Protein chains: 2
Amino acid sequence: MSIDSKKILTYQKEFGKQLKKIRLSKKMSQLDLAASCDLEKTSISRIENGRTNTTLKTMIIISEALNVNIYELFDFEI
Amino acid sequence: MSIDSKKILTYQKEFGKQLKKIRLSKKMSQLDLAASCDLEKTSISRIENGRTNTTLKTMIIISEALNVNIYELFDFEI
DNA sequence: CATAGGGTAAGCATATATGTCAACAATTAA
DNA sequence: TTAATTGTTGACATATATGCTTACCCTATG
């Protein structure tokens with residue numbers, strides 16, 4: 001039995017919230033973050049709102065720009 | 001200044017190694033894992049060998065099938 | 001009122017992850 | 001040898017992430 005898509009969406013949203021939380025703790029705007037990791041502000045917004053199923057590559061790029069270990073992006077309860 | 005693609009590939013490979021390590025610790029074959037999370041064995045192989053830039057959704061599905069928290073997939077040094 | 005900053009969103013193009021199927025290699029066992 | 005298990009790889013189709021542009025909504029500030 002496989003995981004249902006509702007749970008995936010919930011997880012995506014929580015991941016986005018966690019990203020936003022870390023970004024704000026660094027006092028960066030979405031534009032700041034986008035600029036410092038060469039991603040589009042549109043993409044940052046999509047990720048933070050759980051409207052996209054982001055990739056490992058993007059996670060790595062973002063965590064480097066935020067100066068956090070990537071697993072901090074997963075430091076939340078579901 | 002952005003992260004270089006060599007580092008991304010290195011990270012992908014390490015992620016794959018970590019996945020393989022966890023899978024083997026659970027005494028599962030790639031086929032076992034594929035079956036238990038309804039992914040293709042081809043996809044599991046591609047991920048474990050760092051030949052693909054996998055997604056959050058796939059990470060979630062795999063971590064559920066392995067009964068580990070998703071951040072365990074990132075418990076490695078780069 | 002206007003302007004600026006922060007964020008969201010639609011639309012389209014391009015790149016690529018995964019599904020799917022087939023083939024193949026290596027290992028183990030009979 | 002043959003057969004089974006495990007894993008890898010190529011090719012193609014489909015789905016979708018991101019780049020990119022434009023436009024919009026708020027809020028604050030002039």
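Colleague: Where in chain A is A:Glu40 found?

Modeller: Please keep in mind throughout that this is a predicted model. In chain A, helix H2 covers 30-37 and helix H3 covers 41-48. A:Glu40 is found between these two helices, in the loop.

Colleague: Is A:Glu40 buried or exposed?

Modeller: A residue counts as exposed when its relative accessible area is over 50%. For A:Glu40 the relative accessible area is 54%. A:Glu40 is therefore classed as exposed.

Colleague: What distance separates the C-alpha atoms of A:Glu40 and A:Gln30?

Modeller: Along the chain, A:Glu40 and A:Gln30 are 10 residues apart.

Colleague: How are H1(A) and H4(A) oriented to each other?

Modeller: Two packed helices are described by the angle between their axes and the distance between the axes. Helix H1 (residues 5-25) of chain A packs with helix H4 (residues 56-66) of chain A at about 20°, and their axes are 11 Å apart. Because angles under 35 degrees count as roughly parallel, H1(A) is described in relation to H4(A) as roughly parallel.

Colleague: Which residues of H4(A) meet H1(A), and what is the class make-up of the contact?

Modeller: The crossing of H1(A) with H4(A) is left-handed. From H1(A), the residues A:Phe15, A:Leu19, A:Ile22 and A:Arg23 take part, and they meet A:Met59, A:Ile62 and A:Leu66 in H4(A). By class, this contact has six nonpolar, no polar and one charged residues.

Colleague: How are H2(A) and H4(A) placed relative to each other?

Modeller: The axes of H2(A) and H4(A) are 9 Å apart, and the packing angle is about 110°. Angles of 65 to 115 degrees count as roughly perpendicular. The description of H2(A) and H4(A) is therefore roughly perpendicular.

Colleague: Which residues make the contact between H2(A) and H4(A)?

Modeller: By class, the contact of H2(A) with H4(A) has six nonpolar, one polar and no charged residues. H2(A) provides A:Leu33, A:Ser36 and A:Cys37, while H4(A) provides A:Ile61, A:Ile62, A:Ala65 and A:Leu66.

Colleague: Turning to chain B, what is the orientation of H2(B) to H3(B)?

Modeller: Helix H2 (residues 30-37) of chain B and helix H3 (residues 41-48) of chain B have axes that come within 8 Å and cross at roughly 120°. That angle makes H2(B), in relation to H3(B), oblique.

Colleague: Which residues of H3(B) meet H2(B)?

Modeller: The two helices H2(B) and H3(B) have a right-handed crossing. The contact has four nonpolar, two polar and two charged residues. On the H2(B) side are B:Gln30, B:Leu31, B:Leu33 and B:Ala34; on the H3(B) side are B:Lys41, B:Ile44, B:Ser45 and B:Glu48.

Colleague: Which residues does B:Thr58 touch, not counting those up to four places away in sequence?

Modeller: B:Thr58 lies in helix H4 of chain B. With a relative accessible area of 16%, B:Thr58 is buried. Beyond four places in sequence, B:Thr58 touches B:Leu39 and B:Ile47.

Colleague: Which backbone oxygen does the side chain of B:Ser63 reach?

Modeller: B:Ser63 is in helix H4 (residues 56-66) of chain B and counts as buried, at 5% relative accessibility. Leaving aside neighbours within four places in sequence, B:Ser63 is in contact with B:Val68, B:Asn69, B:Ile70 and B:Leu73. At 3.0 Å, its side chain reaches the backbone oxygen of B:Ile60.

Definitions and conventions. Residues numbered from 1 in each chain as written. Chains lettered and ligands numbered in written order. Predicted model: local features only at pLDDT ≥ 70, side-chain atom pairs only at ≥ 80, totals over all residues. Heavy atoms only, no water. Axes fitted to C-alpha atoms, helices over the stretch in contact; angles between N-to-C directions. Helix = DSSP H or I, 4+ residues; strand = E, 2+ residues; numbered from the N terminus. Parallel < 35°, antiparallel > 145°, perpendicular 65-115°, else oblique. Left-handed = near helix turned anticlockwise from the far one by under 90°. Contact = heavy atoms within 4.5 Å. Nonpolar A, V, L, I, M, F, W, Y, C, P; charged D, E, K, R; others polar. Buried < 20%, exposed > 50% of the residue type's maximum accessible area, 1.4 Å probe, protein only. Polar contact = N/O pair within 3.5 Å; in protein donor to acceptor, adjacent residues only side chain to side chain.
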